[in-house]
Each structure stands twice: as C-alpha cells, then as structure tokens.
Amino acid sequence: MRVSKLLKAILGFTREVVIMSVEVLVEDRPKLVVHVRPKVRKRGRCGRCGELASWFDNGDGARRWRHLDAGYATVELVALARRVDCRSCGPTVAAVSWARHDSAFSRAFEDLVVHAAIVGNKQAAADRYGVSWRAVNNMCTRVATEALGRVDLLDGLVAIAIDEVKYKKGHKYLTVVCDHVTGRVIWAAKGRSKDTVGAFFDALGDDRAARLEFVTADGATWITEVVAVRAPDAIVCLDTFHVIGWATKALDEVRREEWNKLRHTGRAAAAKEFKGLRFLLRRNWANLTMGQRETIWALEAANRRTFRAFQLKEELRDVFALPLLQARRALDDWLAYASRSKLAPFVRLARTIRTYRASIEATIEWRLTNGIAESNNASIGRIRANARGFHDPAAFITMVMLDRAGLTPQLPWATAA
Ligand SMILES: [Zn+2]
C-alpha cells in the first residue's frame with residue numbers, strides 16, 4: 001500500500017483531498033503537519049453561502065487547521081486559502097471539504113469535540129482535546145448553526161408542547177417548544193412571555209400554525225392566550241406532568257405546615273425527622289423501595305394530614321393513567337375528596353383543576369402524555385447542571401438544540417467515506 005493511501009485512510013480524507021507533503025515536528029508531542037489541497041476544479045464554492053463562484057486569488061497564503069489526532073501525534077492540516085469571487089458575498093475564502101468556514105479546526109475534529117461537550121460538558125471536552133473553553137463554545141455554535149440550516153424543525157408539526165425552562169437562578173427562563181411525535185425540541189428562545197410565544201408562531205407561519213391539532217402547555221395564560229389567537233383550531237391540552245407538579249407542590253405545602261406545627265410545639269426531634277421526608281414524598285410511589293414505602297406507611301399513624309396529602313397526589317397520578325371515561329369518573333371522585341380534605345392547598349388545587357378541566361380531559365383523551373416534557377426537562381436539567389449554569393441564554397439554547405433536537409454530530413468515523 002502506498003504511504004499516501006495509508007495516510008489518507010488514517011486521516012479520514014475523501015477523494016476530494018490531495019496530500020502534497022507530510023512532515024513530523026517533534027515538540028512536547030509529535031506533530032504531523034500535512035500539506036493538502038482540494039482537487040483542482042474550474043470553479044470553487046463560496047465558504048459563506050456555498051454557491052459556485054469563479055476563482056479570485058490565493059488569499060493571504062497558508063492556513064492551518066487542527067485535525068483528529070493520529071496515535072501519539074497531533075495533526076495539523078495546511079493549505080492555501082484560495083478565494084472565490086462570490087456574486088452575493090464578494091471575494092470570500094473558498095469552502096474546503098475538511099473544515100467549516102472561519103474555523104481553525106477540521107470538521108471531523110469539531111464534530112468529535114462537540115460530541116464530547118454534549119455527552120459531558122464543554123470544560124471536560126476542552127481539557128481532553130487541549131483547546132480552550134471558548135474554542136469549544138464556538139465549535140458548538142458552528143455545528144448547531146450548520147445543522148439548523150440543513151433541516152427545518154418546524155415542518156410537519158401536528159402536536160406540540162410549549163414549556164418554560166430555567167437556565168439560571170433569579171427567574172431567568174427560556175421558552176422551549178417540543179414536537180410530541182418525535183419527542184424533539186424544535187424551538188427555544190429567551191424569555192417567557194406572550195412576545196416569546198408570538199415569536200415562535202412568527203417563525204412557524206400561519207399556514208403551518210393552522211395545521212397544528214394539539215398544543216400542550218402548563219395552563220399559563222401567557223401561552224394559552226397566544227395559542228388561542230395564533231392557532232385557533234388547535235385543541236389546548238393541559239400537560240398532566242404540570243398537574244402532577246401542582247399536586248406535588250400542594251403536598252409540600254401541607255408537609256411544611258405540619259413541620260412548622262411540630263417545631264412550634266417543641267417537638268424538635270420529630271420536626272427534624274419530618275424535614276427529611278421532603279424528597280421522599282415528592283417521588284412516585286412506583287419508584288420507592290420497600291423501606292421507603294414503610295416510612296410512608298408509618299406516616300399514617302405519625303401524621304395523618306401529610307399521609308392524606310401524599311395519597312391525594314398519588315391518586316391524581318393514577319387518574320391520568322386511566323382511559324377517558326374511567327378517568328372522568330375518577331376525577332369527579334378525586335375532586336370531591338380533595339375539596340372535603342380540610343387540606344387548604346388541596347382544596348385550592350381542586351378549584352384550579354375544575355377551571356382547567358376541559359384541557360385536562362383533552363390531554364387524557366388524546367394521550368399526549370407528559371413523557372416528552374418530562375424527559376426533555378430532565379435532559380435540559382442535566383445540560384444545565386453539566387455546565388454549572390449558563391450565563392448566556394444563547395449558549396444554553398445552542399446546547400439544548402444540539403442535544404435535544406437531534407442535531408448531535410455523528411462521530412467522525414461514522415461518516416468517513
Ligand atoms: Zn457567497
């Protein structure tokens with residue numbers, strides 16, 4: 001096998017790339033410097049817009065790109081940055097097959113680093129590949145921008161979920177829209193207001209909005225009022241995930257009241273034990289261990305009010321798992337029980353649920369379950385935790401889209417031709 005053929009296979013080059021020469025520099029790590037050029041063509045493509053254009057000049061000489069490492073060595077590609085005369089962009093550096101426009105890294109190297117940033121975090125990826133955090137951040141933006149230019153995520157939507165997601169302490173939120181069919185995030189923007197939801201419908205356009213059949217949301221008027229105007233034919237469903245969230249909050253209020261009562265009547269030890277229950281009570285009964293279940297059973301004798309509140313939350317969850325007709329009857333029972341429970345937070349919750357009853361029933365009828373909102377929220381939480389919070393909402397949106405919109409780049413060798 002000829003050395004150049006071997007080298008091309010190792011570096012993952014396509015037939016479009018011609019290797020002109022190779023040298024090895026020994027620094028703290030050996031460095032393979034590979035001088036390359038694209039195959040000769042009559043015309044080149046504009047690096048910015050991708051249109052065919054005639055050659056302009058040889059640019060400012062050689063440019064360098066960091067490529068995938070080869071064994072112990074780092075690899076650097078060197079090529080002349082020829083320019084084309086693009087009709088729309090003017091004289092611009094021509095597109096090269098091995099790198100994205102305006103990047104100091106090869107496409108394969110960027111895909112690999114972005115992949116690492118998504119499954120882990122940007123700092124870990126930066127450390128692993130010996131580049132700066134900022135470089136990783138820019139790679140993520142470039143990869144996401146390119147991927148979003150290739151697909152129209154807003155096409156063919158039938159059922160969507162509109163939700164808010166916190167990206168930073170102090171009431172900093174994004175509005176996130178998911179597709180119920182694919183489970184993917186299809187749109188995200190800073191803020192949670194009627195204007196934000198309006199911006200989504202602007203991007204969607206009236207024709208595609210008219211084809212929406214279901215919109216699930218958390219009952220917030222900043223969402224539902226805009227949906228009523230911009231997608232009047234869509235059935236608005238109240239995401240059951242949020243209703244269970246309300247019940248969990250009501251349960252927590254009951255627990256806190258009881259805890260305060262214990263503290264103020266001088267039963268500090270019991271109060272302390274009680275405080276530890278908080279996270280246990282929030283969880284789904286089905287996910288509790290036997291020991292945890294025993295703790296909750298013991299609550300029936302120790303604190304009946306909290307036990308009843310826990311039951312009410314779990315029963316509501318069960319209601320949403322039933323077929324529509326049974327769910328209707330069970331919900332009637334639940335509302336009657338909650339209203340008479342003498343637990344103020346649940347009396348209030350019953351009132352709220354009556355207000356949203358039509359939307360809740362629509363959700364049960366059409367089985368637009370909380371699955372996607374739940375899994376997307378969990379993943380978005382993981383993205384936020386991995387980054388230890390985001391200062392810049394744009395950077396957060398980029399990571400959410402890369403991870404949750406199905407835009408994660410494939411590992412370079414998955415696409416090597
Ligand atoms: Zn152009």
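Keep in mind that the model is predicted. There are two cavities of 30 Å³ or more, and on the helix side we'll look at how H2 and H3 pack.

**Largest cavity**
- The largest cavity holds about 60 Å³ of space.
- Its lining is made up of Arg63, Trp65, Val93, Ala94, Ala95, Val96, Ala99, Arg100, His101, Asp102 and Ser103.
- Sorted by type, the residues lining the largest cavity come out as six nonpolar, two polar and three charged.

**Second largest cavity**
- For the second largest cavity, the volume is about 30 Å³.
- Around the second largest cavity sit Thr248, Leu251, Asp252, Arg255, Arg278, Leu281 and Arg282.
- Two elements, helix H8 (240-264) and helix H10 (278-282), each give two or more residues to that lining.
- H8 gives the most to the lining of the second largest cavity, at four residues.
- By type, the lining of the second largest cavity has four charged residues, two nonpolar and one polar.

**Helices H2 and H3**
- Helix H2 (residues 107-119) packs against helix H3 (residues 122-129) at about 135°, and their axes are 7 Å apart.
- The H2 and H3 crossing is right-handed.
- On the H2 side, Phe109, Leu112, Val113, Ala116 and Ala117 make the contact, while H3 brings Lys122, Ala125 and Tyr129.
- Seven of the residues in the contact of H2 with H3 are nonpolar, one is charged and none is polar.

Terms used:
Residues are numbered from 1 along each chain as its sequence is written. This is a predicted model: local features need pLDDT of at least 70, side-chain atom pairs count only at pLDDT 80 or more; totals for chains, interfaces and linings use all residues. Side-chain values use heavy atoms; hydrogens and water are left out. On a 1 Å grid over the protein atoms alone, a cavity is a set of points where a 1.4 Å probe fits but cannot get out, and a pocket is an open set with protein on both sides within 12 Å along at least five of seven lines; lining residues have an atom within 4 Å of a point. Grid points are joined across faces, edges and corners, and a volume is the space filled by probe spheres set on the points. Ala, Val, Leu, Ile, Met, Phe, Trp, Tyr, Cys and Pro count as nonpolar, Asp, Glu, Lys and Arg as charged, and the others, Gly among them, as polar. Axes are lines fitted to C-alpha atoms, for helices over the stretch in contact, and angles run from 0 to 180 degrees between N-to-C directions. A crossing is left-handed if the near helix is turned anticlockwise from the far one by less than a right angle, and right-handed if clockwise. Contact means heavy atoms within 4.5 Å.
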